There are 4 protein chains.
Amino acid sequence: MPFQSFSTFNFQFKMAIRILVTGGTFDKEYDMLNGQLAFEDTHVPEMLELGRCKVETEIRNIMMVDSLDMTDADREVILHNCRSASENQILITHGTDTMTETAAFLAKASLQKTIVLTGAMIPYKFGSSDGFFNLGSALAFLQTLPVGVCVAMNGRYYDWDNVRKNKKTGYFEELR
Amino acid sequence: MPFQSFSTFNFQFKMAIRILVTGGTFDKEYDMLNGQLAFEDTHVPEMLELGRCKVETEIRNIMMVDSLDMTDADREVILHNCRSASENQILITHGTDTMTETAAFLAKASLQKTIVLTGAMIPYKFGSSDGFFNLGSALAFLQTLPVGVCVAMNGRYYDWDNVRKNKKTGYFEELR
Amino acid sequence: MPFQSFSTFNFQFKMAIRILVTGGTFDKEYDMLNGQLAFEDTHVPEMLELGRCKVETEIRNIMMVDSLDMTDADREVILHNCRSASENQILITHGTDTMTETAAFLAKASLQKTIVLTGAMIPYKFGSSDGFFNLGSALAFLQTLPVGVCVAMNGRYYDWDNVRKNKKTGYFEELR
Amino acid sequence: MPFQSFSTFNFQFKMAIRILVTGGTFDKEYDMLNGQLAFEDTHVPEMLELGRCKVETEIRNIMMVDSLDMTDADREVILHNCRSASENQILITHGTDTMTETAAFLAKASLQKTIVLTGAMIPYKFGSSDGFFNLGSALAFLQTLPVGVCVAMNGRYYDWDNVRKNKKTGYFEELR
């Protein structure tokens, strides 16, 4: 691969990406009437516009859950959406707490698709979020990585079977 | 490549990336005393921190110029920095107006390195900038693309010899 | 008063204002490690700097509490700080839920000082906060209103005995 | 006035304020296609909404000029708008460079109205602007100051005949 010319990738420029929104910190907002964090609608479309993104994307808001509350039934819904999507590149926005569990769940289905999960440690609407940076990197990894499942956080990607979230620091890290 | 497993890329997780800062809209600020746009210092380090980036990077601020003012002598300086860097992955932040000219200039040197140029249409400090998204995607492309020179804008990457900036829309597009 | 010239107020330009910070939504932050809202330090000093404020202020961070948790013992502490301050103009940043209770509590002491309470419906750090606007208006009311206690929210001031927070809308309104 | 009760001001709670927008740094935006600062539309309405402002306001966008380019003919237009407004409280957003000239110009007409000029050193859209704070304080001064003309900047108000902008620091200051 190191000597491949870029032109072999050119067909990818026209690729369409399916984006599955599942909630997570990424999309949380502050509800001023009760002082709690809550979900309203996803910010992915406005983020893609702000990023002046010209990748063809098809966005589906399939659930709005805190990933600590995500069940295997929810993960079946995500898997079903990955399988039935006409696109072969799939971006999933997801809470960080169980992002690696969902990645492992999806990997076991061995779909012939590239699936990248990403999220944020701070809500996009809170001004100092990592979410916009993560979305940019996740979309880029999706256009260049082969079939498989990975997590895109902290400017890097991590194979689904070699990643955990360090709960003390909030950073993702490799197992080995 | 479609059937390669991710693990072949694992060595890349430890890669270090050289970041060359050259100025451009990306790093412009508002000078309140004269009402003009001007350069102070680069925002790349604070952006990497906000993005919670864990990619090993080595940042060099080699010039602070508007890319319309960039000369071939400046491009020689950039090329020299690419060649002499110990890293094989190089990110260049650059004004968008002549980003493609610099990409072509660097490509002619045929370095055995991956070089990605990125920038912003709106200054990072102005609140509604595409720069943070572009930085995330550029870093991701750098970790996954083979040797060559490309431009990372609008969530995509463009080969150096197949890209122009559309001055009317501000979007990058392929020539063919 | 309509025909008084402004110059009679000129002595006020040199006035010093005591700012008492008590917490509230105004100063809440997002704790990324547990996904909860929490207090760290007050943002009042950085807000005054961003506002390029040249009013002489003396800031005391006397507590950091959610106003729903504020007790009469806490209000005694606030009153003590109002009374013992050498300044005659006192700004109190306060949670909105019991701001009017604290205003009434302080009014009963009949201090010969001008006391203005203000706060925010959305945390200052969350990007779309009303807090910065409220701080500007509260400081202005403090420099122009006579002795008494009032609440400054929604661009207006409300006498302590003629105001309630409408919990359904989040706006303050007069009782009569 | 120090011993007046607040209730004498209560009628003011219902006051309507005329806001005259004239441009200035306050409303400047970044034009991404040519890299210049330019005017599009005023941000005053969205700022009042973000500030959750409940003061009754009537906004007129009468010109969009850099105050360095403002002529006496422009000032006649502003004066005409002040005179013909049905409201007695008038807020003027204005560039800082000649804000004091316009204040003096208006003062000479001796209208029986309260007129407050304000602006910003950094455009509202640029994320770190003083404009939102200034708007809050200007609205508050307008509701509490008697007939006359003043400048509201830096959290304070300055009589029209006792103020200048220090071009070196960007702060307003009294002449004596």
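The face of H2(D) turned away from its buried side carries two exposed residues, Ala73(D) and His80(D). I begin there, on helix H2 of chain D, and shall then proceed to the other chains. Please bear in mind throughout that this is a predicted model. For the complex, the predictor reports an ipTM of 0.92 and a pTM of 0.91.

Which residues of H2(D) are buried? They are Asp74(D), Arg75(D), Ile78(D), Leu79(D), Asn81(D) and Cys82(D). These residues lie on the same side of H2(D), because they cover an arc of only 160° around the axis. As to length, helix H2 of chain D comprises 13 residues, 72-84, and at 1.5 Å a residue it should span 18 Å; its end C-alpha atoms are 18 Å apart, which agrees.

I turn to helix H2 of chain B, residues 72-84. Its 13 residues should span 18 Å at 1.5 Å a residue, and the separation of its end C-alpha atoms, 18 Å, agrees with this. The buried residues in H2(B) are Asp74(B), Arg75(B), Ile78(B), Leu79(B), Asn81(B) and Cys82(B). Since the arc that they cover around the axis is only 160°, they are placed on the same side of H2(B). Ala73(B) and His80(B), on the other side of H2(B), are exposed. Among the elements of chain B that cover the buried residues of H2(B) are strand E1 (16-23), strand E4 (56-65) and helix H3 (99-107).

Next, helix H3 of chain A, residues 99-107. This helix is mostly covered, with 7 of its 9 residues buried. The buried set consists of Met99(A), Thr100(A), Thr102(A), Ala103(A), Ala104(A), Leu106(A) and Ala107(A). Against what do these residues pack? Their partners in chain A are helix H2 (72-84) and strands E5 (89-93), E6 (114-118), E7 (148-153), E9 (164-165) and E10 (172-173).

A word on confidence in chain A is in order. Its mean pLDDT is 92, and 92% of its residues reach 70 or more. Over residues 1-13 of chain A, however, the pLDDT is below 50, although this stretch has 32 contacts in the model beyond near neighbours in sequence. Where pLDDT is low, the predicted coordinates should not be read in detail.

Chain C brings us to the strands. Strand E6 of chain C, residues 114-118, is mostly covered: 5 of its 5 residues are buried. Thr114(C), Val116(C) and Thr118(C) point one way from E6(C), whereas Ile115(C) and Leu117(C) point the other way, and all are buried.

Which strands does E6(C) run parallel to? One is strand E5 of chain C, residues 89-93, joined to E6(C) by 5 bridges. Within this pairing, Gln89(C) has Thr114(C) as its bridge partner. Another parallel partner of E6(C) is E7(C), with 4 bridges. Here the bridge partner of Leu117(C) is Val151(C). The chain passes from E6(C) through helix H4 (residues 131-144) of chain C to E7(C), and this β-α-β crossover is left-handed.

Also in chain C, Ala109(C) lies in the loop between H3 and E6. Its relative accessibility is 24%, so Ala109(C) counts as partly exposed. Setting aside residues up to four places away in sequence, Ala109(C) touches Leu79(C) and Arg83(C). The C-alpha atoms of Ala109(C) and Arg83(C) are separated by 9.1 Å, the two residues being 26 apart along the chain.

In chain C, Asn154(C) sits in the loop between strand E7 (148-153) and strand E8 (156-159). Is Asn154(C) buried or exposed? Asn154(C) counts as buried because its relative accessibility is 0%. Its phi is near 60°, a positive value in a residue other than glycine. In chain D, Asn154(D) occupies the loop between strand E7 (148-153) and strand E8 (156-159). Phi of Asn154(D) is near 60°, again positive in a residue other than glycine. With a relative accessibility of 1%, Asn154(D) counts as buried.

Methods:
Residues are numbered from 1 along each chain as its sequence is written. Chains are lettered from A and ligands numbered from 1 in the order in which they are written. This is a predicted model: local features need pLDDT of at least 70, side-chain atom pairs count only at pLDDT 80 or more; totals for chains, interfaces and linings use all residues. Side-chain values use heavy atoms; hydrogens and water are left out. Buried means under 20% relative accessible area, exposed over 50%, partly exposed in between (1.4 Å probe, protein chains only). pLDDT is the predictor's confidence in each residue, from 0 to 100. Contact means heavy atoms within 4.5 Å. The expected span of a helix is 1.5 Å times one less than its number of residues. The arc is that of the directions from the helix axis to the C-beta atoms. Two strands pair if DSSP finds at least two bridges between them. A crossover is right-handed if, with the strands pointing away from the viewer, the path from the first strand over the helix to the second runs clockwise.
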